[in-house]
Amino acid sequence: MIKNIFKGKWLGSFFLISMVGVFVCAFAALNNSVLVEIGFKHVVVDAAGPGDIWLKAVGDINGDGLSDLIAGGNASGGLVWYENPSWTKHVIDSAGGFGTDGEVLDVDRDGDQDVVVLTGGDIRWYENPGWTVHVIDNRALHDLEVSDFDGDGDMDLVARDQGEFGHVGNELHFYRQNTPSSWTHRAVSCPNGEGLDVADVDRDGDEDVVINGRWF
C-alpha cells in the first residue's frame, strides 16, 4: 500500500512537471514566433550626417503627426533634423560643438515643437520656425530633462554635468521658465556622477528627479 501511495505521488509529480514543461515550450515557441514576425529593418538615414553625433532626439518638428529625428554633431555637421518618412535633412544650426543631450518641446507655447540642446559651453533652445537661438545659461552640462516642475503650464528644465573627463556632476541645475527669454536658475547639491530622469515617484501629482541611487 505504501508503495502504491508513493507511486501515485511520483506519477502525479511527473505529470505536473511534464505539463509545466509543455507550457514552457509552448510559451518559448510563441515568443520565438512573435520575435520572428516583428523583425527589424536597418535603414541608413544619412550616410554623410553630422560628424561625431553626440546629440540625439525625437519629436514631431513639422507637425504632421510623424516622429522626426534630430542629430547634433560634436565635431562637425551642426544640428539637423530629418523629416519622416523621406528623411530629408533640414539644418537648424550649421555650427558644431553640440553636446550629449537634447529635448523636443513647445517652449514658447505657440503650437509647434522647439528644440532644447546642450553644447560644449551652454544650454540653449532653438525657436521653431526660423530656428532663432536663445541661450538659457552659459554652463557646460551633460544630461537634460524637461518638465513643468512648478505646475504653471510652461516647461522648466533640469540638467546635470558628469563626474568624468575633468567634469563634476555633483549638482542638479534647475531652470524655471518665467518667459521663454527669462529663466531662474537654482542649483541643488547631489552625489557626483551622471545621468538623470524625471518621474512622479511618490504619486503626489508633481514631477520628481531621479539620479543614480537617489530621487529628489
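Setting aside neighbours within four places in sequence, Trp183 is in contact with Val107, Trp125, Ile136, Met155, Asp156, Leu157, Tyr175, Arg176, Gln177 and Asn178. The model is a predicted one. Trp183 also belongs to the largest nonpolar core, where it is among the residues that touch the most other members. The points below cover the cores, the aromatic pairs and the pockets.

**Nonpolar cores**

- The largest nonpolar core holds 14 residues, and those touching the most other members are Val116, Ile123, Ile136, Leu144, Leu157, Tyr175 and Trp183.
- Strands β6 (114-119), β7, β9 and β10 each contribute at least two residues to this core.
- Another core, of 13 residues, lies apart from the largest one and includes Ala57, Ile61, Phe98 and Val115.

**Aromatic pairs**

- The model contains 2 aromatic pairs.
- Phe98 and Tyr126 make up a tilted pair, with 6.5 Å centre to centre and 50° between the planes.
- Because Phe98 lies in strand β5 (residues 98-105) and Tyr126 in strand β7 (residues 123-127), this pair ties together parts that are 28 residues apart in sequence.
- Both Phe98 and Tyr126 are buried.
- Phe149 and Phe174 form an edge-to-face pair, at 5.5 Å centre to centre and with 80° between the planes.
- Phe149 is placed in the loop between β9 (143-147) and β10 (156-160), and Phe174 in strand β11 (residues 171-179), so the pair links parts that are 25 residues apart in sequence.
- Phe149 has a relative accessible area of 21% and is therefore partly exposed, given that buried means under 20%.

**Largest pocket**

- Two or more lining residues come from each of β10, β11, β12 (182-189) and β14 (208-211).
- Strand β12 gives the largest share of this lining, 4 residues.

**Second largest pocket**

- About 160 Å³ of space lies in the second largest pocket.
- Its lining is made of 13 residues, with Trp54, Leu141, His142, Gln162 and His167 nearest the centre.
- Strand β5 supplies the largest share of the lining of the second largest pocket, 3 residues.
- The lining of the second largest pocket consists of 4 nonpolar, 8 polar and 1 charged residues.

How values were computed
Residues are numbered from 1 along each chain as its sequence is written. This is a predicted model: local features need pLDDT of at least 70, side-chain atom pairs count only at pLDDT 80 or more; totals for chains, interfaces and linings use all residues. Side-chain values use heavy atoms; hydrogens and water are left out. Rings of Phe, Tyr and Trp (its six-membered ring) pair if their centres lie within 6.5 Å; planes under 30 degrees apart count as stacked, over 60 as edge-to-face and the rest as tilted. Buried means under 20% relative accessible area, exposed over 50%, partly exposed in between (1.4 Å probe, protein chains only). A nonpolar core is a set of buried Ala, Val, Leu, Ile, Met, Phe, Trp, Tyr and Cys residues joined through side-chain atoms within 4.5 Å. Contact means heavy atoms within 4.5 Å. On a 1 Å grid over the protein atoms alone, a cavity is a set of points where a 1.4 Å probe fits but cannot get out, and a pocket is an open set with protein on both sides within 12 Å along at least five of seven lines; lining residues have an atom within 4 Å of a point. Grid points are joined across faces, edges and corners, and a volume is the space filled by probe spheres set on the points. Ala, Val, Leu, Ile, Met, Phe, Trp, Tyr, Cys and Pro count as nonpolar, Asp, Glu, Lys and Arg as charged, and the others, Gly among them, as polar.
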